[in-house]
Amino acid sequence: MTAPPPDSRRARAGGRRRTGAGVPAPLLVPAVLGVAFLVLPLLGLLVRTPWSSVGEQLAAPGVGQALRLSLLCATLATLLSLFLGVPLAWVLARSSVRWRGVLRALVTVPLVLPPVVGGVALFLVLGRKGLIGSWLDEAFGITIPFTTTAVVIAETFVAMPFLVISVEGALRAADTRFEDVAATLGAGRWTTFRRVTLPLVAPGVGAGAVLCWARALGEFGATITFAGNYPGTTQTMPLAVYLALQNEPEAAIVLSLVLLAVSLATLLLLRDRWLGRSGTTL
Amino acid sequence: MTLQARIQVQRGTLAVSAAFDVGGGEVLALLGPNGAGKSTLVRVLAGLLRPDEGRVAVDGAVWDAPGWHVPAHERSLGMVFQDALLFPHLSIADNVSFGLRTRGVGRQARHATAAEWLARVGLEGLGHARPAELSGGQAQRAALARALAVEPAVLLLDEPLSALDARTRLTVRAELRRHLGDFPGSTVLVTHDPVDAMALADRVVVVEDGRIVQAGTPDEVNRRPRTDYVARLVGLSLLAGTGEGRAVRLDGGGVVAVAEETSGPVFAAVRPESVALYLARPEGSPRNVWPARLTGATPHGATVRCELAGEVPLVADVTATAFAELGLVPGAEVWATVKAAEVAVYAR
């Protein structure tokens, strides 16, 4: 096996660039339509925004309340997901537990499950008459549904798999030889996890957390089913948008604009991973 | 301090089985081709892989035995891998003091030891640098300091020089030799490069296909290889045959005249530089003359290494000038000659 001389390699790269310039029409047309399909609704949102009254709308009492609640619940859900999801990802990626494939499938079910179904399921388990909920109610007088806690739980249920998948991927991509080195330097598995593994996959954990947070922020189905729609305690931004659309469409547009801004900010945070410079460094 | 190892372990289709002892201050090289099981053996010694059977003990402390396994992090060892594998998120000083930290050494003492070791490996002032800022040679020096900083009983070096470029390898090899001289524990060096083994080891164990095929001092292995692999490594043509007085009847056919009387199964070893090539059969002089065909030629400094096929397969080194004057091309028919006195012969 000998490497081709640099000249021929350059020539080949040049050839590829030339063919790349002409996209065949059967691919180009659907591609353009696809972009339009994704971008036009967002442009429509911007066009229809009542810019003159944006400040006024944002200052309305319900808006700030919903936004604050959304940010709080999404953040709490992300923290809970980190606390539970990172160890879970480690078990999926590193341990030799039996039924690991089944375990992974179970963990990823919420990714494909309609969120409303998730909400119903949570209600059946944690509701006042639920399997665990009834016991919580009798033993401690704790009821979860229709509280802010319920919002956090619903969001965690839906968003945590994003974190687990992301962190597991990072763990699988990380060089396990660093863990061998740590072991030969006297570090047990827990010490190795804290001092070596976690720092190595930190970018993956960060990306997973951002993804998880964004998913939690936009959560609608599970939240409205399990936590209801009470302003101040369970009405998050998506619920507020939906409700506003019925009565005052202008407010709905402004609220949507806020969520769009938050989404774009999230994308900006992740740009190193997903746009252009992706995947070069972890 | 003595490391005693008797190891049996199955890795896929390769059954690895080996036994060796390494004394205090001694350096043992495990020399062998890729995939021979050297790294498997060293991973067992490190406690990263549990042997199927066997016993590993250091100074009477048993690390592995049937039903007994001390995990890697509880063994007194230091290990250097082919790629330095410095933790990318830690500074060089924190890398070097990592083992001290896991062993509960206080911050002050850690910093002092790290600084001392960085100075010893010639990396003063680089304690605050990140691994990515170091050259390959510097990184491997830091990795060595990291392994030695905990003053282990056993030092394991897994191809420590293979990832370095030729010039750096020379310097780092010389430094490594100096540090190994100061190291009181047992060292096991895994390498596929005979030069590393010869330069660094007190004893060489040759591993092929999961088992030990030869053990001895570097000089013994160098002068009297027992397998084709080792012979080729040290640049010898190895011919197996039966001694019949001053002749060796080769297993593959043909006879080699030798200077000493021998009998029974023997090896005859021929150095490439003692083989001369002619286009016509040379007359006179009592020596070995064989017809051969040139199958390959590789420039090797000022000489050309010629591979010869024929009744007696040989490797010959001829000067580039001679190669050109003879007008040799692959496929050319030549006559190869070797003086009887230049054939080393020893019992199998």
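Analyst: The count of disulfides over all chains is 0. A disulfide here is a pair of cysteine sulfur atoms within 2.5 Å. In general, such a link is a covalent bond between the sulfur atoms of two cysteines. Cys73(A) is buried, at a relative accessible area of 0%. Cys212(A) is also buried, at 0%. Buried means under 20% relative accessible area, exposed means over 50%, and partly exposed lies in between (1.4 Å probe, protein chains only).

A word on the basis. This is a predicted model, in which local features need pLDDT of at least 70 and side-chain atom pairs count only at pLDDT 80 or more, while totals for chains, interfaces and linings use all residues. Residues are numbered from 1 along each chain as its sequence is written, chains are lettered from A and ligands numbered from 1 in the order written, and side-chain values use heavy atoms, leaving out hydrogens and water.

Now to the charged pairs. Side chains of opposite charge can pair when their charged atoms come close. The rule for a salt bridge asks for a side-chain nitrogen of Lys or Arg within 4 Å of a carboxyl oxygen of Asp or Glu. By this rule there are 18 salt bridges over all chains.

Start within chain A. Asp175(A) pairs with Arg177(A), and their closest N and O atoms are 2.9 Å apart. Asp175(A) is partly exposed, at 27% relative accessible area. Arg177(A) is partly exposed too, at 32%.

Chain B has its own pairs. Glu244(B) forms a salt bridge with Arg249(B), with 3.4 Å between the closest N and O atoms. Both ends are partly exposed: Glu244(B) has a relative accessible area of 44%, and Arg249(B) has 45%. Chain B also holds a network of salt bridges, which links Arg169(B), Arg173(B), Asp193(B) and Asp196(B).

Which residue of chain A does Arg43(B) meet in a salt bridge? The partner is Asp180(A), at 3.1 Å, N to O. Arg43(B) sits in helix α1 (residues 38-46) of chain B and Asp180(A) in helix α9 of chain A, so the pair joins two chains. Helices (H or I, at least four residues) and strands (E, at least two) are DSSP runs, numbered from the N terminus. Arg43(B) is partly exposed, at 24%. Asp180(A) is buried, at 17%.

Next, the interface as a whole. The contact draws on 17 residues from chain A and 20 residues from chain B. Contact means heavy atoms within 4.5 Å. Together the chains bury about 1,700 Å², with 69% of it on carbon and sulfur atoms. Thr184(A), Leu185(A) and Arg195(A) supply 39% of the area that chain A buries against chain B, more than any other three residues. Buried area is the accessible area (1.4 Å probe) that two parts lose on being put together, summed over both.

How many salt bridges are there between chain A and chain B? The count is 2. The rule for polar contacts finds 6 residue pairs across this interface, both residues at pLDDT 80 or more. On the side of chain A that touches chain B, the elements that give two or more residues are α9 (177-184) and α10 (189-217) of chain A. α9(A) gives the most, with 7 residues. By class, this side has 9 nonpolar, 4 polar and 4 charged residues. Here Ala, Val, Leu, Ile, Met, Phe, Trp, Tyr, Cys and Pro count as nonpolar, Asp, Glu, Lys and Arg as charged, and the others, Gly among them, as polar. A polar contact is a pair of N or O atoms within 3.5 Å; within protein, one must be able to donate a hydrogen and the other to accept it, and residues adjacent in sequence count only if both atoms are side-chain atoms.
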